[in-house]
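Subject: Structure handover

Dear colleague,

I am passing on the structure we spoke about, and below it you will find what turned up when I went through it. Please read the notes with the model open beside them.

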Amino acid sequence: PIFSNECFVMHIYARYEMSKGNYTEAKQMMTELLSRPASEHTAQLLYNVYSDMESICRSSEDYKNAYKYAKLKGDLYSAIIHQM
């Protein structure tokens, strides 16, 4: 396989579903991805997944979860900046 990181591949598939307008399927895939052990995620992948989940939730008017993912994304951004 071209990519050995299964979480990265799952995210690409989820983004593909988003591009087709299948937001429910994409959300399920990303939720499954986020349930995997933290050791399988990179900060970049998490940031992108949080951003996508925020977008999906906002588009379905699930503002509570959109806020949750925006906060997770912001917290991750702050953690990355403080490590520099």
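Contact here means heavy atoms within 4.5 Å. The model is a predicted one, and the remarks that follow should be read with that in mind.

I begin with E54, which lies in helix α3 and which, leaving aside its neighbours within four places in sequence, is in contact with A66, Y69, A70 and K73. E54 counts as buried because its relative accessibility is 11%, and the cut-off for buried is under 20%.

As for L33, when residues up to four places away in sequence are not counted, it touches C7, M10, H11, H41, L45 and V49.

Turning to the pair α2 and α3, their axes come within 10 Å and cross at roughly 145 degrees, and the crossing is left-handed. On the α2 side the contact is made by Y23, A26, K27, M30, T31, L33 and L34, and on the α3 side by L45, L46, V49, Y50, D52, M53, I56, C57 and S59. Sorted by class, the residues of this contact are twelve nonpolar, two polar and two charged.

Conventions
Residues are numbered from 1 along each chain as its sequence is written. This is a predicted model: local features need pLDDT of at least 70, side-chain atom pairs count only at pLDDT 80 or more; totals for chains, interfaces and linings use all residues. Side-chain values use heavy atoms; hydrogens and water are left out. Axes are lines fitted to C-alpha atoms, for helices over the stretch in contact, and angles run from 0 to 180 degrees between N-to-C directions. Helices (H or I, at least four residues) and strands (E, at least two) are DSSP runs, numbered from the N terminus. A crossing is left-handed if the near helix is turned anticlockwise from the far one by less than a right angle, and right-handed if clockwise. Ala, Val, Leu, Ile, Met, Phe, Trp, Tyr, Cys and Pro count as nonpolar, Asp, Glu, Lys and Arg as charged, and the others, Gly among them, as polar. Buried means under 20% relative accessible area, exposed over 50%, partly exposed in between (1.4 Å probe, protein chains only).
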